[in-house]
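I opened this entry to go through the fold piece by piece. My notes are in the order I looked things up.

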Amino acid sequence: MSYIYINDEFVDESEGKVSYSDRGYNFGDGIYEYIRIYDGKVFTSKEHYERLFRSAKEIGLNLDAYSVEGLTEVTKELAAKNNVVNGGVYIQVTRGVAPRNHPFPDASTKPVFSAFSKSYDRPYDELENGVKAITVEDIRWLRCDIKSLNLLGNVLAKEKATQNDAAEAIMHRGETVTEGSSSNVYAIKDGKIYTHPANNLILNGITRRVIKELAEDLNIPFIEESFTLDFLNNADEVIISSTSIEVMPVVQVNDQKIGDGKVGQITKQLQNAFNNYIESKS
């Protein structure tokens, strides 16, 4: 038996139903988070749920009935009920069920909160050997800092990557690199890490924040400024990061190798530091 969490209850997954009038289904009117589980422990849940509340505030979604601490306990219990030792928990909140109409429904409409978990191992082979990425134009809206359910642009980019035997699509607006379809992007040049500033054009990833902290501990300059496709192609090392892929080296972009086509030394330093960070938090 597998459990999900929906409308403040743990139920069998077969009982998890979505109303045809749910605004998440009709409009993508909602937000989400994804939290990693390592050795049965939730990882950086506080940071994820704080970001969930920020996203809710940005779209005018009332989550006063919930708290960071309460949702963390829900995440722990859901993972335990499903015997998830290594894996993750997906959390989604929509504005609720109401007749289909573009304006917000009245205040009596309650958000629909749901969550499910899954088990999987860390991507050890990819972390050791690196992955391929392609570049695509960033066609998304201008509030990418909100972790909303509106992911069609991301889906199309990821599908193009898949069709080209790549792990990720690195997006760009004109010549400026923004982020991956489901990751943040970093170019390492002359011992310095460059990444797009955390403004409305990217999601300020939780793993991105950890990498920034680790870089500072390692005395590696972490420079938050935009860079071009040409800079990316001529980088010594390239990294993508997210909750599920961690500190992932990119050894090829399109048809071009990055550096010598192998995982670089700064990337390895960050990976080692990230492993230690997981152990300290688990």
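The notes below begin with a sheet and move on to the helices and loops.

**Entry 1**

I am working from a predicted model. I began with strand order. The open sheet has 6 strands in the order β2-β1-β6-β5-β3-β4, and the pairing is antiparallel. I marked the edges next: β2 (9-12) and β4 each pair on one side only. The average twist from one strand to the next is 30 degrees.

**Entry 1: strand β3**

I asked how many residues of β3 (residues 30-38) are buried. The count is 9 of 9, so the rest of the structure largely encloses this strand.

I turned to the neighbours of β3. Strands of a sheet pair through backbone hydrogen bonds, either parallel or antiparallel. With β5 (residues 87-94), β3 pairs in the antiparallel sense over 8 bridges. In that pairing, Y34 has Y90 as its bridge partner. With β4 (residues 41-43), β3 forms 3 bridges, again antiparallel. Here I37 stands opposite V42, and Y38 stands opposite K41.

The β3-β4 hairpin has 2 residues between its strands, and D39 takes a positive phi near 50 degrees.

I picked F43, which sits in strand β4. Is F43 buried or exposed? Its relative accessible area is 5%; the cut-off for buried is under 20%, so F43 is buried. I looked up what F43 touches, leaving out residues up to four places away in sequence. The list is I35, R36, Y38, H48, F274, Y277, I278 and K281. I also took one distance.

Helix α8 lies across β3 and β4, and runs at about 130 degrees to β4.

**Entry 2: α6 on α8**

From α6 I listed T207, V210, I211, E213, L214 and A215; they meet L270, A273, F274 and Y277 of α8. By class, this contact has 8 nonpolar, 1 polar and 1 charged residues. F274 and Y277 were already on my list for F43.

Next came the pair of α2 (residues 45-58) and α3 (residues 68-81). Their axes come within 9 Å and cross at roughly 120 degrees. The two helices are therefore oblique to each other. Their crossing is right-handed. On the α2 side the contact is made by S45, K46, Y49, E50, L52 and F53, and on the α3 side by V68, L71, T72 and T75. I counted classes here too: 5 nonpolar, 3 polar and 2 charged residues.

**Entry 3: two loop residues with positive phi**

T44 lies in the loop between β4 and α2. Its phi is near 50 degrees, a positive value in a residue other than glycine. T44 is buried, at 11% relative accessible area.

N254 is in the loop between β14 (246-253) and β15 (256-257). Its phi is positive, about 55 degrees, and N254 is not a glycine. This residue is partly exposed, with a relative accessible area of 28%.

A133 stands opposite E168 in β8. Strand β8 is mostly covered, with 5 of its 6 residues buried.

How values were computed:
Residues are numbered from 1 along each chain as its sequence is written. This is a predicted model: local features need pLDDT of at least 70, side-chain atom pairs count only at pLDDT 80 or more; totals for chains, interfaces and linings use all residues. Side-chain values use heavy atoms; hydrogens and water are left out. Axes are lines fitted to C-alpha atoms, for helices over the stretch in contact, and angles run from 0 to 180 degrees between N-to-C directions. Helices (H or I, at least four residues) and strands (E, at least two) are DSSP runs, numbered from the N terminus. Angles under 35 degrees count as roughly parallel, over 145 as roughly antiparallel, 65 to 115 as roughly perpendicular and the rest as oblique. A crossing is left-handed if the near helix is turned anticlockwise from the far one by less than a right angle, and right-handed if clockwise. Contact means heavy atoms within 4.5 Å. Ala, Val, Leu, Ile, Met, Phe, Trp, Tyr, Cys and Pro count as nonpolar, Asp, Glu, Lys and Arg as charged, and the others, Gly among them, as polar. Buried means under 20% relative accessible area, exposed over 50%, partly exposed in between (1.4 Å probe, protein chains only). Two strands pair if DSSP finds at least two bridges between them.
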